[in-house]
Amino acid sequence: PRACQSNGFTFYGLRGRQQRNSSGILFQLQWKISNYINTTVFFVSVFQYITIAFVFSMGKPFRKPISTNYLFLGVLVVLYLFTLFLMLFPSSSLDTFFEFVCIPYIWRIYILLMVVGHFVLSVFLEEVLTNNHRLWNWLGRIYCSSASLAMHKQLH
């Protein structure tokens, strides 16, 4: 990995400022804010979006398992691998294009641990809480009266 040359909290103020012209006031302001926080938020949020796409496509109303949708699964794997490549093997050209700040390698490992934890927790909660019919039936018997259950069965 490339060694970090930045302090990580570089702020570039107004760039490309234009002056007044003859037709009136015209200002072109461009903000460029590059820091650890924006780079970290980018990586974490991309991984979260991919994880949620995976988790929400596992259960109903989808009739087939996710492993049978090869194109979708392939896109998710490619996106995960590309984002991992961006995060763990930085290149100066990609960092410039995405306006990343070179963050320390140990922080990249911490981000990876957070992402893996989020993935495991999301899949676990989706399977244990959302798709657990015995749990929902048990909670329904405890907290719903028999009249409301009968009305629900009538409507269903």
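These notebook entries record what I looked up in a predicted model of one protein.

**Conventions.** I worked from a predicted model, in which local features need pLDDT of at least 70, side-chain atom pairs count only at pLDDT 80 or more, and totals for chains, interfaces and linings use all residues. Residues are numbered from 1 along each chain as its sequence is written, and side-chain values use heavy atoms, with hydrogens and water left out.

**Overall layout.** I began with the secondary structure and found 6 helices and 2 strands. Helices (H or I, at least four residues) and strands (E, at least two) are DSSP runs, numbered from the N terminus. Along the sequence the pattern reads β-β-α-α-α-α-α-α. I then looked up burial: 23% of the 156 residues count as buried. Buried means under 20% relative accessible area, exposed over 50%, and partly exposed in between (1.4 Å probe, protein chains only). The accessible surface comes to about 11,600 Å², with 67% of that belonging to carbon and sulfur atoms; the areas come from the Shrake-Rupley method with a 1.4 Å probe, and for residues only the protein chains shown count as cover. For contacts (heavy atoms within 4.5 Å), I noted that 58% of those between residues at least 6 apart in sequence join residues at least 24 apart.

**Helix H2 (70-88).** I checked the length of H2: its 19 residues reach 26 Å from first C-alpha to last, close to the 27 Å expected at 1.5 Å a residue. The expected span is 1.5 Å times one less than the number of residues. The buried residues of H2 are Leu76, Tyr80, Thr83, Leu86, Met87 and Leu88, and they pack against H1, helix H3 (92-98) and H4.

Threonine 83 counts as buried because its relative accessibility is 5%. Its side chain reaches the backbone oxygen of leucine 79 at 2.8 Å; a polar contact is a pair of N or O atoms within 3.5 Å, where within protein one must be able to donate a hydrogen and the other to accept it, and residues adjacent in sequence count only if both atoms are side-chain atoms. Leaving aside neighbours within four places in sequence, threonine 83 is in contact with Phe43, Val46, Phe47 and Ile50.

Leucine 73 also lies in H2, and I recorded it as partly exposed, since its relative accessible area is 27%. Not counting residues up to four places away in sequence, leucine 73 touches Phe54, Ile66 and Ser67. Leucine 73 and phenylalanine 54 are 19 residues apart in sequence, with 8.1 Å between their C-alpha atoms.

**Helices H4 and H1.** I compared the span of H4 (residues 105-130) with expectation: its 26 residues should span 38 Å at 1.5 Å a residue, and the end C-alpha atoms are 36 Å apart, which agrees. Arg108, Ile111, Val115, Ser122 and Glu126 are the buried residues of H4, and these pack against H1 and H2.

In H1 (residues 36-56) I looked up phenylalanine 56, which counts as exposed because its relative accessibility is 53%. The C-alpha atoms of phenylalanine 56 and glutamate 126 are separated by 8.1 Å, although the residues are 70 apart along the chain.

**Aromatic pairs.** I found 11 aromatic pairs in the structure. Rings of Phe, Tyr and Trp (its six-membered ring) pair if their centres lie within 6.5 Å; planes under 30 degrees apart count as stacked, over 60 as edge-to-face and the rest as tilted. Phenylalanine 85 and phenylalanine 89 form a tilted pair, 6.2 Å centre to centre with 35° between the planes. I also noted one aromatic cluster formed by Phe42, Phe43, Phe97, Phe98 and Phe100.
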